[in-house]
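Open the structure in your viewer and keep the selection panel at hand. The stops below are in the order in which to select them.

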Amino acid sequence: MNKFLISSLTSLCLVSAIAGQPALANNTAGSVALTAGGGYDYFSSKRHVENSGVGYGMAGYNFTDQWGIEALLGFFNTQSRHLENFGADVSGTMFAVNAVYHFTPYKKLQAYVLAGPGIMGFNPNGTDAHNEGNLNAAVGVEVFADEAVALRLEARDFYTFVGGKNDVFLSGGVTFFIPA
């Protein structure tokens with residue numbers, strides 16, 4: 001068998017196992033969520049930097065079963081495409097604080113949306129400011145392995161009003177829940 005067929009069958013088995021299980025979501029009132037993950041940031045062409053992988057950590061707190069708050073801190077390294085420093089190494093940071101709404105779980109899946117303010121930092125950053133504020137929003141899903149661990153998949157948009165820069169961040173991570 002070829003690798004594509006094996007990976008397809010494995011994925012089908014995983015989806016079948018997830019869909020056949022009772023709800024396990026642990027986004028309950030008073031719980032704390034800690035996430036470690038990585039993703040890929042598709043930066044606005046107006047930033048004049050190469051797209052880059054991003055490692056991140058998140059910490060969250062659930063006020064109710066549906067509403068929570070979380071903070072994201074990510075780090076990346078990329079290459080400049082500014083004329084002043086073409087090819088130079090650029091180190092970067094992303095930070096966001098978001099309100100989160102968790103939808104009603106379906107078996108082992110729980111979708112969510114989030115939004116809030118953030119900051120993207122680039123050093124060096126050509127003639128632009130090193131740190132630029134933004135508004136970010138995301139849609140995502142958590143796939144629960146058990147009550148305390150979930151795989152998190154997310155698509156997030158960072159919009160910087162100054163200069164109209166729109167960055168898209170696709171990510172995945174593992175979330176560990178600490179009950180109230």
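Select Asn134 and show what surrounds it. Setting aside neighbours within four places in sequence, Asn134 is in contact with Gly116, Pro117, Gly118, Ile119, Met120, Phe158, Tyr159 and Thr160, where contact means heavy atoms within 4.5 Å. Asn134 sits in strand E6, residues 131–146. Strands (E, at least two residues) and helices (H or I, at least four) are DSSP runs, numbered from the N terminus. Asn134 counts as buried because its relative accessibility is 7%; buried means under 20% relative accessible area, exposed over 50% and partly exposed in between, with a 1.4 Å probe and protein chains only.

Two notes apply to the whole tour. This is a predicted model, in which local features need pLDDT of at least 70 and side-chain atom pairs count only at pLDDT 80 or more, while totals for chains, interfaces and linings use all residues. Residues are numbered from 1 along each chain as its sequence is written, and side-chain values use heavy atoms, with hydrogens and water left out.

**The whole chain**

Colour by secondary structure. The protein chain has one helix and eight strands, in the order α-β-β-β-β-β-β-β-β along the sequence. Of its 180 residues, 36% are buried. Among contacts between residues at least 6 apart in sequence, 57% join residues at least 24 apart.

**Glu132**

Stay in strand E6 and select Glu132. Glu132 is buried, with a relative accessible area of 7%. Which residue's side chain makes a polar contact with that of Glu132? The partner is Lys165, at 3.0 Å; a polar contact is a pair of N or O atoms within 3.5 Å, where within protein one must be able to donate a hydrogen and the other to accept it, and residues adjacent in sequence count only if both atoms are side-chain atoms. Beyond four places in sequence, the contacts of Glu132 also include Arg47, Gly118, Ile119, Met120, Asn125 and Thr160. For Ile119, 13 residues away along the chain, the C-alpha separation from Glu132 is 5.5 Å.

**The nonpolar core**

Next, select Phe43, Leu72, Met94, Met120, Phe122, Phe158 and Phe169. Of the 14 residues in the largest nonpolar core, these touch the most other members. Such a core is a set of buried Ala, Val, Leu, Ile, Met, Phe, Trp, Tyr and Cys residues joined through side-chain atoms within 4.5 Å. The elements that give two or more residues to this core are E2, E3, E4 and strand E5 (109–123).

Not counting residues up to four places away in sequence, Met94 touches Asp41, Val54, Leu72, Leu73, Gly74, Phe76, Ile119, Met120, Phe158 and Phe169.

**Ser31**

Move to the loop between helix H1 (3–19) and E1, and select Ser31. Is Ser31 buried or exposed? Ser31 counts as buried, at 0% relative accessibility. The side chains of Ser31 and Asn62 are joined by a polar contact of 2.9 Å. With neighbours within four places left aside, Ser31 is also in contact with Asn26, Gly60, Tyr61, Ile178, Pro179 and Ala180. Phe63 is 32 residues from Ser31 in sequence, and their C-alpha atoms are 7.9 Å apart.

Among the 15 residues that line the largest cavity, Ala33, Gly60, Asn62, Glu70 and His102 are the closest to its centre. The elements that give two or more residues to this lining are strands E1 (32–42), E2 (52–62), E3 (67–79), E4 (89–102) and E8 (165–178). A cavity here is a set of points on a 1 Å grid over the protein atoms alone where a 1.4 Å probe fits but cannot get out, and lining residues have an atom within 4 Å of a point.

**Backbone stops**

- Pro124, in the loop between E5 and E6: the peptide bond from Asn123 to Pro124 is cis, with omega near -5°.
- His48, in the loop between E1 and E2: phi is near 60°, a positive value in a residue other than glycine. His48 is partly exposed, at 38% relative accessibility.
- Lys107, in the loop between E4 and E5: phi is positive, near 55°. Lys107 is partly exposed, with a relative accessible area of 28%.

Definitions and conventions. 1 Å grid on protein atoms, 1.4 Å probe; cavity = no way out; pocket = protein on both sides within 12 Å on 5 of 7 lines; lining within 4 Å.
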